[in-house]
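Here is a colleague's note for someone opening this structure for the first time. Please keep the viewer open while reading the points below.

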Amino acid sequence: MSLTNQQKNQHLLWRAAFGPMAENVNELGDVSQKKLYKILEKTSSKKPDELNVASNAFDGLMKGVQDLGQMQKLTQDQKKQLRKQSVDDIKNLNLAWLNEMINSEAQLREKMSLFWHGHFASRVLNIYFQQQLLNVIRENALGNFGDLLREVSKSPSMLSFLNNQQNRKQHPNENFAREVMELFTMGRGNYTETDIREAARAYTGWGFNVKGEFVERPFLHDNGNKTFLGKTGNFDGDDIIDIILEQKATAKFITAKIYKYFVNDEVDNEKVEKLSEKFYRDNYNLQKLMNEIFLSDWFYEEKNIGTRIKSPVELIVGVRRLIPMQLEKPESQLLFQRVLGQILFYPPNVAGWPGGKNWIDSSALMFRMRLAQILTNAEAFLIKPKDDDDTMMGMEGVDKNPKANQLQVTVDWDSVLKVFDKTSREDLSQKVNDIVLQTKDSVNPNVLKRYVDNTSREGFIKSTIIELMSTPEYQLC
Amino acid sequence: MLFKRKEFLQIGSLASASLMMPKFLKAFEKKAAVPPGNKVMVVLQFSGGNDGLNTVIPMRNDIYYKSRPKLGIQKEQALQLTDEAGLNPALPFFKDLFDEGSLGIMNNVGYPNPDHSHFRSMDIWQSASDSNQYVTSGWLGRYLDAQCDGCGKPTQALEIDDVLSLALKGENLKGLALQDPKKLYSSSNERYFKEINASHDHEEAAVDYLYKTLSETLSSADYIYEQSRRHPSSQTYPATELGRNLKTICSLILSDINTKVYYVSLGSFDTHVNQENQQKRLFTELNDAINAFVKDLKSNSRFEDVAIMTFSEFGRRVAQNASGGTDHGTANNMFFIGGGLKQKGLLNPMSDLNDLNQGDLKYSVDFKSVYATMLHNWLDADDEKILGKKYGIMNFV
């Protein structure tokens, strides 16, 4: 069976965006992939509005700290209050960004940003730092990789997460230099331990001040000669980044990771080689690289469609795009993220979320298969996530004996039903299936038939969507 | 000898044959229905960084009392184990275990270049990685990979929780998390899930992987539930979360289930503030739950086959802080409880408080060496394959 235009467009929307929306799913039958992609490119080309959720309380306290000049002068209680406020604000940042993923027109940019959020993974509990890093990522997500790398490397979030504040001439700390090379740019096998030590020396003195601004502290910096990847000189951090960007290994590492994330877990070496050569020639222009991928014919080959396991965030956002809804307590989405193993701003470590099959174990899969029912309020749920000592700081954070939760939610079913206005009853089943699932094969229609609500057209559409979202197939895009 | 699937099947059929035996014969049969020598490990995680120095107290150490003028536990309050070591007063049952020879204490366990972040350090303990390595599988998950190739059900390692820890995620196989057998059974016992699972026919690898997980989950849920009902425990457990969880574990240990590893957590031990009360509350929960669990195992003659191992992602600073608590530290002690320990009591010297690194203990036993010992000696597994390296094997089990 050859693929329909609709399927190909949905494929593009699942990979370059967060899946189709109810309001535009019917337009996908006629428009070409090229045209649809051009729309995505255009809507993502504007500079994003910065997300700023730091509460007045945090701002006030932080300003106080800055006036005092140092954290040390805060009392224990003030420190505790500051940390708690910061953790709360990070929750708000999480929800604000999730909202962008669901509703923003700039879908390609937000999707790319989610990719970089896992690539430049930082787990710090300072709302200013997290917010600044996210905004750097969103601004540069489709820009120049070199600029993005440089800005991330100079962000207080990354400098503090990777201990470069402690990297001093007398006591070099190699953590930052190591991860920049191993995880952010070239990957293992393209440098030696000596290169790491020498790069660490060049990064000595890179840090941030009490206002969270990048500073080079000259008397902590090692001014001696360093030999890094075959070059010798009195290098500083920027020189090291320049040399890293000169390496073709960097272009290749980034291209392969992008290919895995956006196209297929199984890397096609020949294609990645070609893409990365061009990426290098184009001076690390990310927009051009993404255009190359999404405008190619091979991206739309059958083996690339419906074969990728959605991350928890993609899953939640995807449901909410197809079924518009208002959540009374949006924070329940944090609980879903925790149970499913992906909390924004809390990557497991600097290597980010491993993804793929790592998302799936018995309990995660069972919860994933209930998510649509829970979100559309068809089902109450009782689940207790693990404590998180990083954010709870010894306080009892969760109710030890939780009652079953039922979401308070208003689902805009009318928008969903409108999609099927012109569909005849006998075509309904197939049409719902084509819109909801990306996999080649679907659920056995005879089984489905026994579980859907046949009492009304409306009930039939709703229940078919929910039943199809409650399948292993729906976990894939 | 590791527990082979073949043996399990034989035992399974024996058990069903026993249903047709006369009643008086069945009474004799009861103990033999339990697979003899089926060694079980229970890992008990103290989340949040338990303060080891106030758990096993160096009662004769001046530095300890000088560093902790308020928090230090006085010799008179501590439960004396040896001349130099005492136990936290909230752990009287652990003292009983120590006296009868069912408790081992490994002091000063840690790893090189320790990390002070909860999450990262827990990651390191659960994945058994070096502190500059990022490994996406856990040590018990890799145990499943090594032992359980071709096992039909992922029930060899169970976590009593709603969410599966990294420790139980392997490269290919993963353990199963359940809050309790009944809840798992009722949540997976949806006809819809069963029917789509039964009717599925996919060739594509990714879908197939998901259906395989679904199918294993559904059959495991039935299996676990059925097993858990076979030997309902008559022992009274405290009405705490750990009490309930250990009761669940015991009912499974007493069944014919093929589970080798159970994983359960207690917390939070992150005692920056007001440590004394918080640690006391958690230790009381621990003490009472372990007490019931050990009684239950003993009365069913299974205590010899079970080894409980406790750990925490790090210990705490030697010195107390200004808020009646302690901050994140490094090396820590681990408990081993069971009727089959080869060495008991203090297994090695206590931490040297004279030799600190910026106020933190310097570890003397790598935790991976402890893992290697449990894998090799207790679970009869290939520790080198699982841990990626040969670590020294000790003799305590």
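1. Start with helix H15 of chain A, residues 312–322, in this predicted model. The buried residues here are Pro312(A), Val313(A), Glu314(A), Leu315(A), Ile316(A), Val317(A), Gly318(A), Val319(A), Arg320(A), Arg321(A) and Leu322(A). That is 11 of the 11 residues, so the rest of the structure largely encloses H15(A). The list includes charged residues: Glu314(A), Arg320(A) and Arg321(A) are buried too.

2. What covers H15(A)? Helices H4 (76–103), H5 (107–119), H16 (332–340), H17 and H22 (457–469) of chain A are included in the cover. Strand E5 (325–327) of chain A is also included.

3. Now the domains of chain A. The assignment gives domain 1 as 5–43 + 248–304, and domain 2 as 312–475. Between them, 15 residues of domain 1 are in contact with 15 residues of domain 2. On the domain 1 side, the touching residues divide into 6 nonpolar, 6 polar and 3 charged.

4. Next, the largest nonpolar core. It has 236 residues. Which residues have the most contacts inside it? They are Met41(B) and Met309(B). Both domain 1 and domain 2 of chain A give residues to this core, so the core lies between them.

5. Look closely at Met309(B). Leaving out residues up to four places away in sequence, Met309(B) touches Met41(B), Val43(B), Leu44(B), Met334(B), Phe336(B) and Met374(B). In soluble globular proteins, nonpolar side chains tend to be buried together.

6. Met309(B) sits in strand E9 of chain B, residues 306–312. Are the residues of E9(B) buried or exposed? Buried: 7 of its 7 residues are. Both faces are covered. One side carries Val306(B), Ile308(B), Thr310(B) and Ser312(B). The other carries Ala307(B), Met309(B) and Phe311(B).

7. E9(B) pairs with strand E1 (residues 40–46) of chain B in the parallel sense, over 7 bridges. Leu44(B) stands opposite Thr310(B) there. E9(B) also pairs with strand E10 (residues 332–338) of chain B, this time antiparallel, over 3 bridges. In that pairing Ile308(B) has Ile337(B) as its bridge partner.

8. E10(B) leads on to strand E5 of chain B, residues 103–110. Here 8 of the 8 residues are buried, so E5(B) is largely enclosed by the rest of the structure. E5(B) and E10(B) run antiparallel and are joined by 5 bridges. Gly104(B) has Phe336(B) as its bridge partner in E10(B).

9. With strand E11 (residues 345–346) of chain B, the sense is parallel, over 2 bridges. Gly110(B) stands opposite Asp366(B) in E14(B).

10. Chain B also holds an open sheet of 3 strands. The order is E2-E4-E3, and the pairing is antiparallel. Strands E2 (56–58) and E3 (79–80) stand at the edges with a single partner strand each, so one side of each is left without a neighbour in the sheet. E3(B) pairs with strand E4 (residues 85–87) over 2 bridges. Gln80(B) stands opposite Gly86(B).

11. Turn to helix H9 of chain B, residues 205–230. H9(B) has 26 residues and reaches 37 Å from its first C-alpha to its last, close to the 38 Å expected. Its buried residues include Leu210(B), Leu214(B), Thr217(B), Ala221(B) and Ile224(B). An α-helix has 3.6 residues a turn, so residues three or four places apart point the same way. The buried residues of H9(B) pack against helix H17 (362–375) of chain A. From chain B, they pack against strand E7 (176–178) and helices H7 (181–188), H8 (191–199) and H10 (241–253).

12. Last, the contact between the chains. In it, 46 residues of chain B are in contact with 42 residues of chain A. On the chain B side, helix H5 (118–127), E7, H7, H8 and H9 each supply at least two residues. Which element gives the largest share? H9(B) does, with 9 residues. The chain B side divides into 18 nonpolar, 17 polar and 11 charged residues.

Definitions and conventions
Residues numbered from 1 in each chain as written. Chains lettered and ligands numbered in written order. Predicted model: local features only at pLDDT ≥ 70, side-chain atom pairs only at ≥ 80, totals over all residues. Buried ≥ 20, exposed ≤ 12 C-beta atoms within 10 Å, placed from the backbone. Helix = DSSP H or I, 4+ residues; strand = E, 2+ residues; numbered from the N terminus. Pairing = 2+ DSSP bridges. Expected span 1.5 Å × (residues − 1). Contact = placed C-beta atoms within 7 Å. Domains from an automatic or database assignment. Core = buried A, V, L, I, M, F, W, Y, C linked by C-beta atoms within 7 Å.
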